[in-house]
Amino acid sequence: MSTGIGAGDLLLRWLSEEGAGSLTEAKQSLWWLGAKKSDEIESGAPGRWLRDAVSLAYLDVDWSGRRWSAAPPVLTPLPKAQGLATITGSRTASFDRRLDKLKDEGLVQLYRASSDRPPRDIPLPSSYFVRFGNESELRDLAEELGAVFAPTFAYQSATLLPGLDLAERTSAPEYGAPLEHYDLEQRRYMPTDRPHGDGLYRLKRRDSKRVCQVLRDGTWFETTHEYGIYTVLSEQNSAADVLRWRPEADCGRDDMGTLFVDWGYPLPDLQRRVAAMCSGLAPRIQESAQNLAYDNVPGDVALKIAASLGQTLGDLHA
């Protein structure tokens with residue numbers, strides 16, 4: 001193992017070598033290493049790290065099944081990024097050795113960049129970027145690395161984003177069991193003694209599994225936290241102004257910009273991955289504005305993300 005490897009890269013190396021495993025054990029390991037590196041790490045840091053790892057296509061996570069798996073290595077161009085592509089997916093020691101060998105031989109221009117995170121969070125892995133002249137070069141490089149070549153992921157995947165669909169009916173919460181209702185204005189779950197009309201609820205079942213359910217017209221549906229929020233939000237207001245896009249000021253790039261997502265309205269995994277893979281970096285955390293900022297997002301991709309969540313995209317002019 002190379003010396004001087006950062007905490008985030010070390011975690012990705014370990015997960016890549018393991019290949020798959022229990023989500024609970026992964027969180028425990030993330031917490032152990034995070035707390036060892038800093039005494040400012042918060043209890044929610046492992047979960048946030050895993051969500052960023054999913055966004056950046058390092059891992060795939062089955063949240064309901066409590067399992068994770070390392071994603072295959074992928075090489076994909078970034079949208080309108082002047083011949084820049086990102087390498088994502090699992091990153092084993094042998095993969096890094098192959099990449100370093102190609103770099104030392106002058107066959108690839110490799111750049112590493114870090115996604116800034118506050119001290120309360122566990123550091124993320126370095127993002128890898130390479131320069132290329134044409135698509136055939138990337139295909140050849142992917143073959144050399146044993147990676148998958150994918151045409152610009154953001155454009156391809158944005159067209160396939162699923163819409164909001166409450167298809168999985170479920171039983172009502174057990175009477176008297178602890179129940180929480182999500183308050184869209186306060187952006188958090190509030191304890192409640194019983195359901196109070198349509199909305200998003202969270203409960204713990206007898207098997208100790210915490211689930212999210214949406215109540216609509218007397219029928220209960222199982223969902224995820226993120227899809228549940230946007231389902232309820234779209235029914236109340238499709239122009240809630242929680243997603244906004246601002247074009248870049250640079251000449252000739254007015255079709256590219258930054259997607260802003262307000263705190264309390266997190267994007268689901270697929271939408272978040274499309275947004276993050278526009279730049280190959282995790283979103284910027286903007287404490288003062290209380291939002292996340294995804295850079296280098298094409299306007300049409302931002303529109304598709306918003307439409308898939310039943311939202312009208314707000315427009316911010318530079």
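A polar contact here is a pair of N or O atoms within 3.5 Å; within protein, one must be able to donate a hydrogen and the other to accept it, and residues adjacent in sequence count only if both atoms are side-chain atoms. By that rule, the side chains of Asn-291 and Gln-286 are in polar contact at 2.8 Å. This is a predicted model, where local features need pLDDT of at least 70 and side-chain atom pairs count only at pLDDT 80 or more, while totals for chains, interfaces and linings use all residues. Residues are numbered from 1 along each chain as its sequence is written, and side-chain values use heavy atoms, with hydrogens and water left out.

**The five-stranded sheet**

- Five strands form an open sheet with mixed pairing, in the order β16-β17-β15-β14-β18. Strands are DSSP runs of E, at least two residues, numbered from the N terminus, and two of them pair if DSSP finds at least two bridges between them.
- At the edges sit β16 (284-286) and β18 (314-315), and each pairs on one side only.
- β16 and β17 (residues 291-298) run antiparallel and are joined by three bridges. Arg-284 has Ala-293 of β17 as its bridge partner.
- Asn-291 counts as buried because its relative accessibility is 5% (buried means under 20% relative accessible area, exposed over 50%, partly exposed in between, with a 1.4 Å probe and protein chains only).

**Around β9**

- β9 (residues 179-183) pairs with β10 (residues 188-192) in the antiparallel sense, over five bridges. Leu-179 finds its bridge partner in β10 at Thr-192.
- The hairpin of β9 and β10 has four residues between the strands, and Arg-187 takes a positive phi near 60° there.
- β9 also pairs with β11 (residues 199-204), again antiparallel, over three bridges. For Glu-180, the bridge partner in β11 is Arg-202.

**The cavity**

- There is one cavity of 30 Å³ or more. A cavity is a set of points on a 1 Å grid over the protein atoms alone where a 1.4 Å probe fits but cannot get out, and lining residues have an atom within 4 Å of a point.
- The largest cavity holds about 40 Å³ of space, with volume taken as the space filled by probe spheres set on grid points that are joined across faces, edges and corners.
- Its lining includes Leu-56, Tyr-58, Met-277 and Gly-280. β5 (84-88) and β7 (127-131) are the elements that give two or more residues to the lining of the largest cavity, and β5 has the largest share, with three residues.
- By class, that lining has five nonpolar, four polar and no charged residues (Ala, Val, Leu, Ile, Met, Phe, Trp, Tyr, Cys and Pro count as nonpolar, Asp, Glu, Lys and Arg as charged, and the others, Gly among them, as polar).

**Cysteines and a tryptophan**

- Searching the whole structure turns up zero disulfides, with the cut-off being a pair of cysteine sulfur atoms within 2.5 Å.
- Cys-278 is buried, since its relative accessible area is 0%. Cys-212 also counts as buried, because its relative accessibility is 9%.
- Trp-220 lies in β13 (residues 219-223), and at 7% relative accessibility Trp-220 counts as buried. Trp-220 and Arg-169 are 51 residues apart in sequence, yet 5.9 Å apart in space, C-alpha to C-alpha.

Terms used
1 Å grid on protein atoms, 1.4 Å probe; cavity = no way out; pocket = protein on both sides within 12 Å on 5 of 7 lines; lining within 4 Å.
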